[in-house]
Amino acid sequence: MASETQAPASSCVDAGGSAIGMPQLCGDWMGNQIFWLVVTLLVMFFILSKIALPRIASVLAERQGRITNDIAAAEELRKKAQEAEAAYEKALAEAKAEAGRIVAEAKAEMKAEMDVEIAKADAEIAAQAAESEKKIAEIREGALEAVKEVAMDTAQDIVTAMGGKADAKSVTAAVNERMKG
């Protein structure tokens, strides 16, 4: 038998059926590779355009809608918070004004009560001062009478001690004259 040498099937395969070099770069197979590449890309394009991309688009649209709704809700809540803050500030200002008014009323009431009590105390003090003046006048009158008596007795004793004779009438007249000033 003659040696059977097989002729290469193509320039890309050797006699043993192994690829020579890089098969994807073999010119004989290039058309076949391009055909299957185009078929694969078309299948992927149809799968993506009919299944994956619509799902992704709906998810993105839903997400955008949710974001828009959340932003609108946040804006509404921000407005409500500002309104609540304004209402709080107004209520606080009213409460402060009311507290100031109550304090002013309490001060005025306390001042009025204090004025009434001071007037009562002044009246009592004036009454006690008048009574004290009356008592002092009585005491002074009594003291003047006592001094007058002592002065008359002393004058009479002095006149008698000096060897004179004094009658009660002349001693009384002399003491009265001296007491007047």
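User: Which residues are linked with Arg-101 in a network of salt bridges?

Analyst: In this predicted model, Glu-98, Arg-101 and Glu-105 are joined in such a network. The structure holds 8 salt bridges.

User: What makes the contact of Glu-62 with Arg-66 a salt bridge?

Analyst: The closest N and O atoms of Glu-62 and Arg-66 are 2.6 Å apart. A salt bridge requires a side-chain nitrogen of Lys or Arg within 4 Å of a carboxyl oxygen of Asp or Glu, and therefore the pair qualifies.

User: Why are Glu-62 and Arg-66 said to be separated by about one helical turn?

Analyst: The reason is that they stand 4 residues apart in helix α1.

User: Why is Glu-62 called partly exposed?

Analyst: Its relative accessibility is 48%. Buried means under 20% and exposed means over 50%, so a value in between is called partly exposed. Arg-66, with a relative accessible area of 48%, is partly exposed as well.

User: How do you know that Glu-117 forms a salt bridge with Lys-120?

Analyst: For Glu-117 and Lys-120, the closest N and O atoms are 3.9 Å apart. The cut-off is within 4 Å, so this pair is counted. Both residues lie in helix α1, 3 residues apart, which is about one turn of the helix. Glu-117 is partly exposed at 47%, and Lys-120 is partly exposed at 46%.

User: What makes Glu-131 and Lys-135 a salt bridge?

Analyst: Their closest N and O atoms are 3.4 Å apart, and a salt bridge is defined by a distance within 4 Å, so the contact meets the definition. Glu-131 and Lys-135 are separated by about one helical turn because they are 4 residues apart in helix α1.

User: At which residue does α1 bend, and what follows α1?

Analyst: The helix bends by about 45 degrees at Leu-48. Gly-163 follows α1, and its phi is positive, near 95 degrees.

Note on methods. Residues are numbered from 1 along each chain as its sequence is written. This is a predicted model: local features need pLDDT of at least 70, side-chain atom pairs count only at pLDDT 80 or more; totals for chains, interfaces and linings use all residues. Side-chain values use heavy atoms; hydrogens and water are left out. The bend at a residue is the angle between axes fitted to the seven residues ending there and the seven starting there. Helices (H or I, at least four residues) and strands (E, at least two) are DSSP runs, numbered from the N terminus. Buried means under 20% relative accessible area, exposed over 50%, partly exposed in between (1.4 Å probe, protein chains only).
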